[in-house]
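I opened this notebook to record what I looked up in one structure. The entries follow below.

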Amino acid sequence: PYHVSINQDLFLQASLHSSDPLLELFLDTCVASPTHHNFTTGSYAIVKNGCVKDPTYVEYSSPHRQTLRFKFNAFQFIRSNPEVYLQCELVVCRAFDYSSRCHQGCVQRSKRKASS
């Protein structure tokens, strides 16, 4: 556990340890939940499908493609225990592959039209 106060900046870093210098990381989804076993019901999306959902989220540049750095303000779920759990999904891509998920950025999922 990492203890922070509400609204305090929470800095995170993820690194890929590989001998291949042509790999890079991309944060596809990062979700917070009041429980460690359910990240869908009652959860809060910080980043979803590469799209920033939390207004306090900031991504920082890194000297290496294999390191991803970001921050957001710590918060607490209302009427819940004081713990917040994070689950983040990162994508590993080939650097300079501009058709890869890493270079697509924010992907808005289109809504389906309901038929009669």
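Which residues line the second largest pocket? I listed Thr29, Cys30, Val31, Phe39, Thr40, Ser43, Ala45, Lys48, Asn49, Gln87, Cys88 and Glu89.

Basis. I noted that this is a predicted model, in which local features need pLDDT of at least 70, side-chain atom pairs count only at pLDDT 80 or more, and totals for chains, interfaces and linings use all residues. Residues are numbered from 1 along each chain as its sequence is written, and side-chain values use heavy atoms, with hydrogens and water left out.

Second largest pocket. I recorded a volume of about 180 Å³ for it. A pocket is an open set of points on a 1 Å grid over the protein atoms alone, where a 1.4 Å probe fits, with protein on both sides within 12 Å along at least five of seven lines; lining residues have an atom within 4 Å of a point. The volume is the space filled by probe spheres set on the points. Strands S2 (23-33), S3 (44-48) and S7 (85-94) each give at least two residues to this lining; strands are DSSP runs of E with at least two residues, and helices are runs of H or I with at least four. I sorted the lining into five nonpolar, five polar and two charged residues. Here Ala, Val, Leu, Ile, Met, Phe, Trp, Tyr, Cys and Pro count as nonpolar, Asp, Glu, Lys and Arg as charged, and the others as polar.

Largest pocket. I found a volume of about 520 Å³. Tyr2, Val4, Pro82, Glu83 and Val84 are the closest to its centre among the 16 residues that line it. That lining holds twelve nonpolar, three polar and one charged residue.

Whole chain. I counted one helix and seven strands, in the order β-β-β-β-β-β-β-α along the sequence. The C-alpha atoms fill a box of roughly 50 × 45 × 25 Å along the principal axes. Of the 116 residues, 32% count as buried, meaning under 20% relative accessible area with a 1.4 Å probe, protein chains only.

Ser100. Is Ser100 buried or exposed? I recorded Ser100 as buried, because its relative accessible area is 9%. It sits in the loop between S7 and helix H1 (101-104). Apart from neighbours within four places in sequence, Ser100 is in contact (heavy atoms within 4.5 Å) with Cys93 and Arg94.

Record. I noted that the unreviewed UniProt entry annotates residues 1-109 as "domain: ZP"; such annotations may be inferred rather than shown by experiment. The span is 4% helix and 41% strand, with its end C-alpha atoms 33 Å apart.

Notes:
Buried means under 20% relative accessible area, exposed over 50%, partly exposed in between (1.4 Å probe, protein chains only).
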